[in-house]
Amino acid sequence: MEFISHFLRATSRRSAALGPILQRNRSEIIQKQSLTNRQAFGRYRSSCSTMDTTVHSAGIDETHLVPMSVIQRPIPSVLDEQKVQSLMETIKNETSEEEVPPIDLLWISGSEGGDYYFSFGGCHRFEAYKRLQRPTIKAKLVKSTLGDLYHYMGSSAPKYLA
């Protein structure tokens, strides 16, 4: 028991020692911003990768306005109606629309040309934009392959994209 408690104490001491350093770094990020509070928050959010990114798009900063009509959603969505309605209200308001994070799109180049965009997440955001009849949606493009698509769709995935 003494052996285990030795490691637990060491871990808790390291965490306690790192706490002020981590807090100082967060403070420095915010203090470096000589912008309005809203802009500072936006930059702080983008510096915190877990707040508005996914595993797929964590290293992607660039967002695009992608036409809704080119996005394929092969898996039916299970939606929480209140969440969709809340997102619709947020999107309608021009000042708060920018707070809605982009969706991730798997971007696959066809074997004979053409680009294909598949969406598996962001169901509520996609539905909110669709109901509002928006022509485009903010998205991060994750360059992918047919092999990646097979991970999502299994044997239902197309064998090739022309």
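## A buried serine in a loop

With a relative accessibility of 1%, S119 counts as buried, a label given to residues under 20% relative accessible area, while exposed means over 50% and partly exposed anything in between, judged with a 1.4 Å probe and with protein chains only. S119 sits in the loop that runs between β4 (115–118) and α6. This is a predicted model, in which local features need pLDDT of at least 70 and side-chain atom pairs count only at pLDDT 80 or more, although totals for chains, interfaces and linings use all residues. Residues are numbered from 1 along each chain as its sequence is written, and side-chain values use heavy atoms, with hydrogens and water left out.

The side chains of S119 and R73 are joined by a polar contact of 2.6 Å, and the side chain of S119 also reaches the backbone oxygen of G121 at 3.1 Å. A polar contact here is a pair of N or O atoms within 3.5 Å, where within protein one atom must be able to donate a hydrogen and the other to accept it, and where residues adjacent in sequence count only if both atoms are side-chain atoms. If neighbours within four places in sequence are left aside, S119 is in contact (heavy atoms within 4.5 Å) with I71, Q72, R73, P74, I103, D104 and L105.

## The chain as a whole

The secondary structure of the chain comes to seven helices and five strands, and read along the sequence these follow the pattern α-α-α-β-β-α-α-β-β-α-β-α. Helices (H or I, at least four residues) and strands (E, at least two) are DSSP runs, numbered from the N terminus.

Of the 162 residues in the chain, 29% are buried. Among contacts between residues at least 6 apart in sequence, 74% join residues at least 24 apart. The chain exposes about 11,000 Å², of which carbon and sulfur atoms supply 56%, with accessible areas taken from the Shrake-Rupley method with a 1.4 Å probe and, for residues, only the protein chains shown counting as cover.

## Helix α4 and its buried face

Helix α4 has twelve residues (residues 81–92), which at 1.5 Å a residue should span 16 Å, and the 17 Å between its end C-alpha atoms agrees with this; the expected span is 1.5 Å times one less than the number of residues. Within α4, the residues V84, L87, M88 and I91 are buried. Seen down the axis of α4, these buried residues fall within an arc of 105 degrees, so they line one face of the helix, the arc being that of the directions from the helix axis to the C-beta atoms.

The cover over the buried residues of α4 includes α5 (94–97) and α6 (123–131).

## Helix α6 and what it packs against

In α6, the buried residues are C123, H124, F126, E127, A128 and Y129. These buried residues of α6 pack against β2 (71–72), α4, α5, β3 (103–109) and β5. Just after α6, Q133 takes a positive phi of about 55 degrees.

## Salt bridges

Side chains of opposite charge can pair when their charged atoms come close. A salt bridge is counted where a side-chain nitrogen of Lys or Arg lies within 4 Å of a carboxyl oxygen of Asp or Glu, and by this rule the count comes to four. One of them joins E89 and K92, whose closest N and O atoms are 3.3 Å apart; E89 and K92 are three residues apart in helix α4 and therefore separated by about one helical turn. E89 is partly exposed at 48% relative accessibility, and K92 is partly exposed at 46%.

Another salt bridge brings together the side chains of E97 and R134 (3.2 Å, N to O). This pair links distant parts of the chain, with E97 in helix α5 and R134 in the loop between α6 and β5 (136–143), 37 residues apart. In helix α6, R131 and E127 lie four residues apart, about one turn of the helix, and their side chains meet in a salt bridge (3.0 Å, N to O). Here R131 is partly exposed, with a relative accessible area of 33%, whereas E127 counts as buried at 16%. E81, E127 and R131 are linked in a network of salt bridges.
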